Amino acid sequence: MESDQKTLSDRHLFCKYADDTNLIVPGNSDIGLDEEFINIKNWARANKIIINFSKTKEIVFKRPGLRHFTNPPPINSFEQVAVVNLLSILLSNNFCFDAQVCNVHGDA
């Protein structure tokens, strides 16, 4: 059933593992994230799957050292986070590895 889940854009990418699905969308996307999320909800409804919205998060990556950057408004009121856990690897929105290093060393 998960193999029929496709993105609307060839530029978007699904990373799937067990019951987790991550959608990666570049900033210069040809299809809006809202449209892509509607596509995911329609797929879930057709396959009788319930999406746990309380665990849905959004991260906006930016270049390190960027001085004037404003995050776009959150999509569908999802929680915007600075660090996400992807298969036990902590990814930071500024591409630094401080959170992962602290996690491995137990400093977190």
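Biologist: Which element gives the most to the lining of the largest pocket?
Modeller: In this predicted model, the lining of the largest pocket draws at least two residues from each of β1 (13-17), β2 (20-24), α1 (33-46), β3 and β5 (83-86). Among the residues nearest the centre of the largest pocket are Thr21, Asn22 and Leu23. The element that gives the most, with five residues, is β2.

Biologist: How many nonpolar residues does the lining of the largest pocket have?
Modeller: The space in the largest pocket comes to about 1,900 Å³, and 45 residues line it. By class, the lining divides into seven charged residues, 10 polar residues and a nonpolar group that numbers 28.

Biologist: In what order do the elements of the chain run from the N terminus on?
Modeller: The chain, whose C-alpha trace spans about 45 × 30 × 25 Å along its principal axes, has two helices and six strands. Read from the N terminus on, these elements follow the order β-β-α-β-β-β-β-α.

Biologist: What share of the residues in the chain is buried?
Modeller: Among contacts between residues at least 6 apart in sequence, those that join residues at least 24 apart make up 35%. Burial is a separate count, taken over the 108 residues in the chain, and the buried share is 20%.

Biologist: How far away is the nearest side chain of opposite charge from glutamate 58?
Modeller: Glutamate 58 lies in strand β3, which covers residues 57-58, and its contacts beyond the neighbours within four places in sequence are with Pro74, Ile75, Phe78, Glu79, Gln80 and Val81. A salt bridge would need a side-chain nitrogen of Lys or Arg within 4 Å of a carboxyl oxygen. Glutamate 58 is buried and has no salt bridge, and the nearest side chain of opposite charge, that of lysine 57, is away by 12 Å.

Biologist: Is aspartate 98 buried or exposed?
Modeller: Aspartate 98 has its place in helix α2, which covers residues 98-105. Its relative accessibility is 56%, and the class of exposed residues begins over 50%. Because of that value, aspartate 98 counts as exposed.

Biologist: How far apart in space are aspartate 98 and aspartate 19, C-alpha to C-alpha?
Modeller: Aspartate 98 belongs to helix α2, and along the sequence 79 residues separate it from aspartate 19. In space, taken C-alpha to C-alpha, the separation of aspartate 98 and aspartate 19 is 27 Å.

Key. Residues numbered from 1 in each chain as written. Predicted model: local features only at pLDDT ≥ 70, side-chain atom pairs only at ≥ 80, totals over all residues. Heavy atoms only, no water. Helix = DSSP H or I, 4+ residues; strand = E, 2+ residues; numbered from the N terminus. Buried < 20%, exposed > 50% of the residue type's maximum accessible area, 1.4 Å probe, protein only. Lys, Arg positive; Asp, Glu negative; His and termini not counted. Contact = heavy atoms within 4.5 Å. 1 Å grid on protein atoms, 1.4 Å probe; cavity = no way out; pocket = protein on both sides within 12 Å on 5 of 7 lines; lining within 4 Å. Points joined across faces, edges and corners; volume = space filled by probe spheres on them. Nonpolar A, V, L, I, M, F, W, Y, C, P; charged D, E, K, R; others polar.
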